[in-house]
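Let's take a walk through this complex together. Have the viewer open and follow along.

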Amino acid sequence: MLRKINMVALGRRDTLRLAGAGAVAFVTSSLLPNLALADSASAAKAIKKIIGDKATQQGRITLELPQIAENGNTVPIAFEVESPMTEADHVKAVHIFSEGNPIPNVASIRFSPASGRARAATRMRMAKTQNVIAVAEMSDGSVFMAKAEVKVTIGGCGG
Amino acid sequence: MAKSKPRVKVPKSVKKGEVFQVKTLISHKMESGQRKNKKGKKIPRMIINKFICTYNGTVVFESDWHPAISANPYMAFYIRAEKSGTLVFKWTDDRGQTYEKMASITVN
């Protein structure tokens with residue numbers, strides 16, 4: 001059984017805590033947690049490249065993904081970030097990442113107050129069952145994060 | 001190269017201040033760079049990597065795409081109606097080739 005490791009913020013303290021959790025998981029369920037760690041580490045690195053060392057908060061983001069994706073070639077994804085979308089208070093960008101794809105970046109979406117709503121929808125490829133992460137950058141510098149797992153029956157990387 | 005046809009769906013008329021949805025679709029293989037040909041050689045990446053929407057000349061929505069965006073990329077988003085005018089949609093691929101589509105919007 002794949003052991004799920006809950007990651008909220010990806011700051012240094014949390015990375016160290018994760019290493020500890022990984023050690024405990026290894027004792028109880030052998031190989032799989034190491035693979036999960038490798039995937040989430042690659043996504044964490046890609047996230048850090050975009051938002052730097054900023055702490056991330058939970059909330060505000062609704063991430064819409066199917067629980068099970070029949071076809072990994074095209075998985076519908078939508079997200080919305082709660083925001084008045086005014087000049088003074090709006091969502092600047094939302095970045096989407098995948099933990100289990102060859103490349104962790106999926107898309108970066110930049111909004112403006114003229115967007116009216118910080119909502120977008122697209123379709124993405126998923127190589128295998130994995131977590132999809134949305135990171136929202138607000139105009140006041142705060143950063144929010146949300147994560148959802150999608151089970152994939154047929155992988156979509158053109159194998 | 002197959003021609004990439006962009007399609008957009010915007011309401012014909014909206015009330016001032018109304019937030020309306022825009023749907024866009026463009027036919028494109030979005031070759032990820034992960035697939036292999038019959039000889040086992042990797043097919044090089046060739047994707048649309050940028051999408052921009054302007055409303056009367058101002059950028060209202062912009063997106064960077066990576067190989068994980070599915071073939072025939074679909075993107076839906078929202079715009080707050082201000083003045084009547086033109087929406088211009090532009091897609092750019094890895095070679096710098098661009099595809100454009102325009103739509104008029106009437107704001108009451």
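Predicted model: local features only at pLDDT ≥ 70, side-chain atom pairs only at ≥ 80, totals over all residues.

Residues are numbered from 1 along each chain as its sequence is written, chains are lettered from A and ligands numbered from 1 in the order in which they are written, and side-chain values use heavy atoms, with hydrogens and water left out. As for confidence, pLDDT is the predictor's own per-residue score, from 0 to 100. Chain B averages 95, and 98% of its residues score at least 70. For the complex, the predictor gives an ipTM of 0.94 and a pTM of 0.84.

Start with chain A, which has two helices and nine strands (DSSP runs numbered from the N terminus: H or I of at least four residues for helices, E of at least two for strands). Along the sequence the order is α-α-β-β-β-β-β-β-β-β-β. Of its 159 residues, 46% are buried; that means under 20% relative accessible area, with exposed being over 50% and partly exposed in between (1.4 Å probe, protein chains only).

Now zoom in on strand S2 of chain A, residues 61–64. S2(A) runs antiparallel to strand S4 (residues 75–81) of chain A, and four bridges join the two (strands pair if DSSP finds at least two bridges between them). Within S4(A), Glu80(A) is the bridge partner of Thr62(A).

Glu64(A) also makes a salt bridge with Arg119(A), at 2.9 Å from N to O; the rule asks for a side-chain nitrogen of Lys or Arg within 4 Å of a carboxyl oxygen of Asp or Glu. That pair links strand S2 to strand S7 of chain A, 55 residues apart. Glu64(A) is partly exposed at 33% relative accessible area, whereas Arg119(A) is buried at 17%.

Where do the chains meet? In total, 30 residues of chain A are in contact with 29 residues of chain B (heavy atoms within 4.5 Å). The two chains bury about 2,400 Å² between them, 48% of it on carbon and sulfur atoms; this is the accessible area (1.4 Å probe) that the two parts lose on being put together, summed over both. Arg110(A), Arg123(A) and Arg125(A) supply 29% of the area that chain A buries against chain B, more than any other three residues. The rule finds two salt bridges across the interface, and Arg110(A) forms one with Glu62(B), the closest N and O atoms being 3.8 Å apart.

Over in chain B, Lys16(B) and Glu82(B) form a salt bridge at 3.2 Å. Both sit in loops, so the pair ties together parts that are 66 residues apart in sequence. Lys16(B) is exposed at 56%, and Glu82(B) is partly exposed at 38%.

Finally, find Thr24(B) in strand S3 (residues 19–26) of chain B. Thr24(B) is buried, with a relative accessible area of 2%. Leaving out residues up to four places away in sequence, Thr24(B) touches several others, including Phe51(B), Phe89(B) and Trp91(B).
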